[in-house]
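Colleague: Here is a structure to go through together. I will ask about it piece by piece.

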Amino acid sequence: MAKIKTSYFCQNCGAQSAKWIGKCPACGEWNTYVEEVVQREEVTPTTAWKVGSSTAQVANKPKPIADIRYQEQQRIITQDQELNRVLGGGIVPGSMVLIGGEPGIGKSTLMLQIALSLRGLKVLYVSGEESEQQIKMRAERLMAQTSDCFILTETGTQNIFKQIELVRPQVLIIDSIQTLHSSFIEAGAGSVSQVRECTAELLKFAKESGTPVFLIGHITKEGNLAGPKILEHMVDTVLQFEGDRHMTYRILRTTKNRFGSTSELGIYEMMGSGLREVSNPSEILISQREDAFSGISIGATLEGNRPLLIEVQSLVSPATYGTPQRTSTGFDAKRLNMLLAVLEKRGGYRLGTQDVFLNIAGGLKVEDPALDLAVCASILSSFEDMSIPNTSCFAAEVGLGGEVRAVNRVENRITEAEKLGFTDIYISKYNKKGVDLSKFSINIHAYGRLEEVFSSLFG
Ligand code: TYD
Ligand code: MG
C-alpha cells in the first residue's frame, strides 16, 4: 500500500494539528477537527486516480480565452425524459452527479431503473448497502429489459477501481457514497474525511476517463446532504429526490448544475413496479373536483423552464384559543404572514383574529412569487366563503402596497393554462407591455390592484 501521511484540520478556520482536538485553539469552535490526507507516495500519472486523489499535478499555463477551444460534448440521452430534463438535456460525459434524499424515498430504485434502461451502454452499479440478491429482486420488480448492467457489492474504493479496470463501464453508479471507504484514511465509512476522500478519487476517475458517475447520498435529520458541504462543491450536479413517503409522487429537483439550469423539476409516481414518469404534472397537482369549494385557487407557476398549475388550498376560521395559528405547508410561512398583513392593511379584511391554514396540494414546495395572487385569492375565498370558479387561475406577485406586480415569462404560464382548459387567468396589468395577448383565446384579466381582482372575482 502506498505510504501516506494524514493530519487534522479545523473545518471552520483551517488550522492544522497532528492529533485530534475537541476545541480549536485558533477559532474556539468545538468538534471541527477532521482527518485529511496531506501527502502520498509518488505514483505514475496514468494510474493516479487508482491510488489517490491529490497526486500527479501538471503545471498549467494561462491562455487567452479567445484561444481556448471546446467541443460540444455528446450527452447521453436516457429513456427517462424527467432525468434528461433535470440534468439539462442528458448525461454529460465525465460529469459527477449527486442524488440526495431521505431513506426509503426511492433513490436506489430510480438509479437501478436508469441503469437497466441504458441499453447499449455498459453500466456498473456498485452497492454497499444491499446484496446482489436484493438488487436482483428489485430488478425483477421493475420488469425492465435486461441490459449490459453489472452489479458489484463492494465498499472499498481500491477494489472498485480494480473492477472498473476489468469491466470498463460507460456509466458508474455508487449506492451510496457514505458506505464507501478508502484505505488511505483510517476513519470509518461515512465520516467526513472518508466521504471527501472517496468522492475525490471517484471525481478524478470521472474526469480522466470521461465516465459519468452517479453518487447516491444520504440526507441528515435536518434535511442536508450528510457529509461535508464540500461534497456539494466537488460534484457537477446535485439532485434532490423528495416527496412524502406516504404519498406516491416523487420530485427530482436540481439544486446545482454546471451543465444546465437549476430548479428544473422531474416528477415521478412510485408504483408497484418502479417509478413512472409523470409527463403532465398539472393534471395530478390539481385535484379532480366537480363543484367549486371555497378556499381553493389555482396558481400558474414556473419551476425552472416548466410551467405548472398548482392548487392552493386554504382554510380560514375564527381563532378559538388566544393567538391565531398560521400554518403553511409547501409555501414560505414568512411570505404567508406578509400577504396576510397586506390583506389586512390594504384590503381591510380582519384576518388578525382568524386561524389560517395554507396548503400546496400534491406535497410540492413552491418558491415562485407568481403564486402570491393565488394565495391571496384562496385565503379570501375561504374567509368570505365564496368559491372561485374552477376554470380560473392566477399568475402575479403581490407587493406590500397591495399592488399586483408583473411576473416573468407570463406567456408560458398563459399558454399552459389555456392548454389545460382554463377559461380565465388573472395577471398584472404591467405584464401586458411587450406581450401579444391577442393570440390567446383564454380570457385575460389584467389588474393593477388587489381590490380590483377581488371585486371582479367576488363582486
Ligand atoms: P429505495 O429505492 O430502497 O429507497 P432509498 O434507496 O432511497 O432508500 O425505495 C424503497 C421504497 O420504494 C420501498 O419502501 C418500496 C418502494 N418501492 C415501490 O413502491 N415500488 C417498487 O417497484 C420498488 C422497487 C420499491
Ligand atoms: Mg437505497
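Colleague: What volume of space lies in the largest pocket?

Modeller: This is a predicted model, and the value is computed from its atoms. Rolling a probe the size of a water molecule over the atoms shows where empty space is left. For the largest pocket, that space comes to about 780 Å³.

Colleague: Which residues lie nearest the centre of the largest pocket?

Modeller: The lining of this pocket is made up of 33 residues. By class, twelve are charged, eleven polar and ten nonpolar. Strands E9 (237-242), E10 (249-257), E13 (296-303) and E16 (354-360) each give two or more residues to the lining. Nearest the centre are Glu242, Arg253, Leu364, Lys365 and Val366.

Colleague: Between which domains does the largest pocket lie?

Modeller: The lining takes residues from one domain spanning 78-279 and from another spanning 287-458. Because both contribute, the pocket lies between domain 2 and domain 3.

Colleague: What is the volume of the largest cavity, and which residues line it?

Modeller: The count of cavities of 30 Å³ or more comes to one. The lining of the largest cavity has five nonpolar residues, three polar and no charged. Its volume is about 40 Å³, and its lining consists of Leu87, Ile91, Val92, Ser95, Val97, Thr237, Asn257 and Phe259.

Colleague: Are helices H3 and H4 roughly parallel or roughly perpendicular to each other?

Modeller: Two packed helices are described by the angle between their axes and the distance between the axes. For H3 (residues 107-117) and H4 (residues 132-142), the axes are 10 Å apart and the angle is about 70°. Angles of 65 to 115 degrees count as roughly perpendicular. H3 and H4 are therefore roughly perpendicular.

Colleague: Which peptide bond is cis?

Modeller: The bond in question has omega near 0°. The cis bond runs from aspartate 175 to serine 176.

Colleague: What is the phi of arginine 168?

Modeller: Arginine 168 is in the loop between helix H5 (157-167) and E7. Although arginine 168 is not a glycine, its phi is positive, at about 50°.

Key. Residues are numbered from 1 along each chain as its sequence is written. Chains are lettered from A and ligands numbered from 1 in the order in which they are written. This is a predicted model: local features need pLDDT of at least 70, side-chain atom pairs count only at pLDDT 80 or more; totals for chains, interfaces and linings use all residues. Side-chain values use heavy atoms; hydrogens and water are left out. On a 1 Å grid over the protein atoms alone, a cavity is a set of points where a 1.4 Å probe fits but cannot get out, and a pocket is an open set with protein on both sides within 12 Å along at least five of seven lines; lining residues have an atom within 4 Å of a point. Grid points are joined across faces, edges and corners, and a volume is the space filled by probe spheres set on the points. Helices (H or I, at least four residues) and strands (E, at least two) are DSSP runs, numbered from the N terminus. Ala, Val, Leu, Ile, Met, Phe, Trp, Tyr, Cys and Pro count as nonpolar, Asp, Glu, Lys and Arg as charged, and the others, Gly among them, as polar. Domain bounds come from an automatic or database domain assignment. Axes are lines fitted to C-alpha atoms, for helices over the stretch in contact, and angles run from 0 to 180 degrees between N-to-C directions. Angles under 35 degrees count as roughly parallel, over 145 as roughly antiparallel, 65 to 115 as roughly perpendicular and the rest as oblique.
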